[in-house]
2 protein chains.
Amino acid sequence: MDIPSKKLEQAVFEISKLPGIGQKTALRLALHLLKQETSEVLKLSEALMHMRTDLKQCIKCFNISDSEVCEICRKPKRDQQTICVVEDIRDVMALENIHGYTGLYHVLGGLISPMDGIGPGNLTIDALLKRVQEEEITEVILALNTTMEGDTTNFYLFKKLQNFPIKVTTIARGIGVGDSLEYTDEVTLGRSLQNRIPFEQTMRNS
Amino acid sequence: MDIPSKKLEQAVFEISKLPGIGQKTALRLALHLLKQETSEVLKLSEALMHMRTDLKQCIKCFNISDSEVCEICRKPKRDQQTICVVEDIRDVMALENIHGYTGLYHVLGGLISPMDGIGPGNLTIDALLKRVQEEEITEVILALNTTMEGDTTNFYLFKKLQNFPIKVTTIARGIGVGDSLEYTDEVTLGRSLQNRIPFEQTMRNS
């Protein structure tokens, strides 16, 4: 693509580095921005920089935060004895959205993935073990994605956490609410059968 | 969506103003940027601002340019007697990509669209008429999209250009190369029949 301006070319090049955005989309976005007021583009440009430079990680749970300790960790009302371990902050947002979990979180910052060169040392696992040791934790809930990396990480964490006098649980894998058996893959179906629960329990939950 | 940081929320808000980017995608992009080096985010942020503030419009043809007069208008080799009228700079890029057109361009900056409140006065039509009057133009090629707005603008321009001793042409509408008759809509098919050309002409072109 012949872009008639070096400045535009530079902007398109930078935008197209974003995941899922190719050259054509980048050009479309750049031309859209060209039509906007300078103040609008300045707002976007500054918001990106401020986010990158000013955003902190909570020193306790590694959730993103505007202060040293994040809002969730600071809330005294939350159950301080339960930690839910998640891969990244998007999972924290997803779980907060159900408005049903009242414990704390721990953000791993990824999953163990030898293929991508990510080992336990690259994640915040040591910090998690330290929390379990020093705080009065009674339960750690593993809430990782059901991928191979998720299962590997689950297993590694379980092995490490076994040494502490706490309960280690994992979120239920099963058929999604609204899904039909017919279209569910065999592994999920197998697990949902294997991990079946007393019917009374479902009545209590709803 | 509960975003645990005001800075992140601001960035997501600004990114989601871009066309075709919703809140979830904006969050994904923001979190991607959070993982990048600060220098990378700075590059993006600055490229956007520089593009918006430093980019000029060519004073002759309204193409984007890093200088007063764009590269195409400055090239002495190009046919200075032919102007191709297009809606926006993406069309200039598309036409330049075929490497077959050697004339000049004129970027309208939009199409006449009463529904969107865009009249002839909002476009660069006066500047085009001035060019036709003052420069030694022999042909104006109308290369607008085949939409209702495109046709309206074509007609308006044709009426205005009729007063000058020049040839006014429009790019051919017909069946795309590689398309099959069966799946072509009736209007296109009708036009392609109506505007049929001597067969020898197609042999000359290829």
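Met49(B) touches Val41(A), Leu42(A) and Ser45(A), leaving out residues up to four places away in sequence; two residues are in contact if their C-beta atoms, placed from the backbone, lie within 7 Å. This is a predicted model, in which local features need pLDDT of at least 70 and side-chain atom pairs count only at pLDDT 80 or more, while totals for chains, interfaces and linings use all residues. Residues are numbered from 1 along each chain as its sequence is written, and chains are lettered from A and ligands numbered from 1 in the order in which they are written.

**The contact between the chains**

- Met49(B) lies in helix H3 of chain B; helices (H or I, at least four residues) and strands (E, at least two) are DSSP runs, numbered from the N terminus.
- With 20 other C-beta atoms within 10 Å, Met49(B) is buried; a residue is buried if 20 or more other C-beta atoms lie within 10 Å of its own, exposed if 12 or fewer, and partly exposed in between, with C-beta atoms placed from the backbone.
- In total, 46 residues of chain B are in contact with 46 residues of chain A.
- At least two residues of the side of chain B that touches chain A come from each of helix H1 (6-15), helix H2 (23-35), helix H3 (38-54), strand S2 (64-65) and H5 of chain B.
- H3(B) gives the largest share of that side, 14 residues.
- Lys7(A), a residue of helix H1 (residues 6-15) of chain A, touches His50(B), Met51(B), Asp54(B), Leu55(B) and Asp66(B), not counting residues up to four places away in sequence.
- Lys7(A) counts as buried because 22 other C-beta atoms lie within 10 Å.
- The C-alpha atoms of Lys7(A) and Gly22(A) are 18 Å from each other, and the two residues are 15 apart along the chain.

**Symmetry**

- Two copies of a chain are related by a rotation about an axis and a shift along it.
- The same surface serves both copies, as 100% of the contact residues of chain B recur in chain A.

**Overall form of chain A**

- Chain A has nine helices and six strands.
- Its radius of gyration is 22 Å, well over the 17 Å that the globule rule gives for 206 residues, so chain A is more spread out than a compact globule; the radius is taken over C-alpha atoms, and the rule is 2.2 Å times the number of residues to the power 0.38.
- The C-alpha trace of chain A spans about 65 × 45 × 35 Å along its principal axes.
- Of the 206 residues of chain A, 27% count as buried.

**Strands and core**

- Strand S3 (residues 82-86) of chain B and S4(B) run parallel and are joined by four bridges; two strands pair if DSSP finds at least two bridges between them.
- Within S4(B), His106(B) is the bridge partner of Val85(B).
- A right-handed β-α-β unit is made by S3(B), helix H5 (residues 89-97) of chain B and S4(B); a crossover is right-handed if, with the strands pointing away from the viewer, the path from the first strand over the helix to the second runs clockwise.
- In a regular strand the side chains alternate between the two faces of the sheet.
- Strand S4 (residues 104-107) of chain B is covered on both faces: Leu104(B) and His106(B) on one side, and Tyr105(B) and Val107(B) on the other, are all buried.
- The largest nonpolar core has 87 residues, and those with the most contacts inside it are Ala30(A), Val85(A) and Val85(B); such a core is a set of buried Ala, Val, Leu, Ile, Met, Phe, Trp, Tyr and Cys residues joined through C-beta atoms within 7 Å.

**Two loop residues**

- Phe62(A), in the loop between strand S1 (56-57) and strand S2 (64-65) of chain A, has a phi near 65°, a positive value in a residue other than glycine.
- Phe62(A) counts as buried, with 22 C-beta neighbours inside 10 Å.
- His99(B), in the loop between H5 and S4 of chain B, has a phi near 55°, which is also positive in a residue other than glycine.
- His99(B) is exposed, with 8 other C-beta atoms within 10 Å.
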